[in-house]
Amino acid sequence: MAAYRIDRHSGVATYVQIVQQTKQALRLGLLRPGDRLPTAREVVEATAINPNTVLKAYRELEREGLVEARRGLGTFVRRSLGATPADDSPLRAGLGAWAAEAREAGLDREDVAALFAAVLDEVFPAPDGPSDHPDHTSNPSSPDNPSNPSNPSSKPALQGGDPS
């Protein structure tokens, strides 16, 4: 089963947080095609948010072609995103070692996020400048980006699990 973490103090709309966390889980391989998302009722019980908020997030994900609702069965992942390296990949291990080295050098989360964002912008320049897309994936230092290392809830909040 999957679980969402809602940060009520982030300034990011709750439905956007659900969309962002689902996309992050898809990028990281925590959710795969065929996996079932939690029902709106399950999310409401776990997070105490309005069911319409969950449904709005799921509709947005469906509109983007990432999930599909199956009447009476639930909402299922249709496709994955990106090709993020697995937990045991050399790229992830190297990034982990780099982050540990940055910490040892005295950098805090915000310093690391700023440095990473600067390097990311150099290596992957935006064709028309910064994106104003609501998931802020082109700006990892954005405070409302769930993958921002300076965001206290930057760990993948959605945990993939048995789709049953």
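**Notes on the predicted model**

1. H3 is followed by Gly 65, and the phi of Gly 65 is positive, near 80°. The model is a predicted one, and the points below should be read accordingly.

2. Where H3 starts, the backbone nitrogen of Asn 52 has a side-chain oxygen of Asn 50 within 2.7 Å.

3. The length of H3 can be checked against expectation.

4. Which residues of H3 are buried? They are Val 54, Ala 57, Tyr 58 and Leu 61. Because these residues cover an arc of only 95° around the axis, they lie on the same side of H3. Asn 52, Arg 59 and Arg 63 are exposed on the other side of the helix.

5. As to the partners of this buried side, the buried residues of H3 pack against H1, H2, S1 and S2. Val 54 gives a detailed example: leaving aside neighbours within four places in sequence, Val 54 is in contact with Ile 18, Ala 40, Val 43, Val 44 and Ile 49.

6. The largest nonpolar core comprises 19 residues. Those with the most contacts inside this core are Tyr 4, Ile 18, Leu 37, Val 54, Tyr 58 and Leu 61. At least two core residues come from each of H1, H2 (40-47) and H3 (51-63).

7. Tyr 15 belongs to helix H1, which covers residues 14-28. The C-alpha atoms of Tyr 15 and Ile 49 are separated by 9.6 Å, although the two residues are 34 residues apart along the chain.

8. Strands S1 (residues 67-70) and S2 (residues 74-77) pair in the antiparallel sense, with 4 bridges. In this pairing, Arg 70 stands opposite Gly 74 of S2. The two strands form a hairpin with 3 residues between them. Within the turn, Gly 72 has a positive phi of about 80°.

Definitions and conventions: Residues numbered from 1 in each chain as written. Predicted model: local features only at pLDDT ≥ 70, side-chain atom pairs only at ≥ 80, totals over all residues. Heavy atoms only, no water. Pairing = 2+ DSSP bridges. Core = buried A, V, L, I, M, F, W, Y, C linked by side-chain atoms within 4.5 Å. Buried < 20%, exposed > 50% of the residue type's maximum accessible area, 1.4 Å probe, protein only. Contact = heavy atoms within 4.5 Å. Arc of directions from axis to C-beta. Polar contact = N/O pair within 3.5 Å; in protein donor to acceptor, adjacent residues only side chain to side chain.
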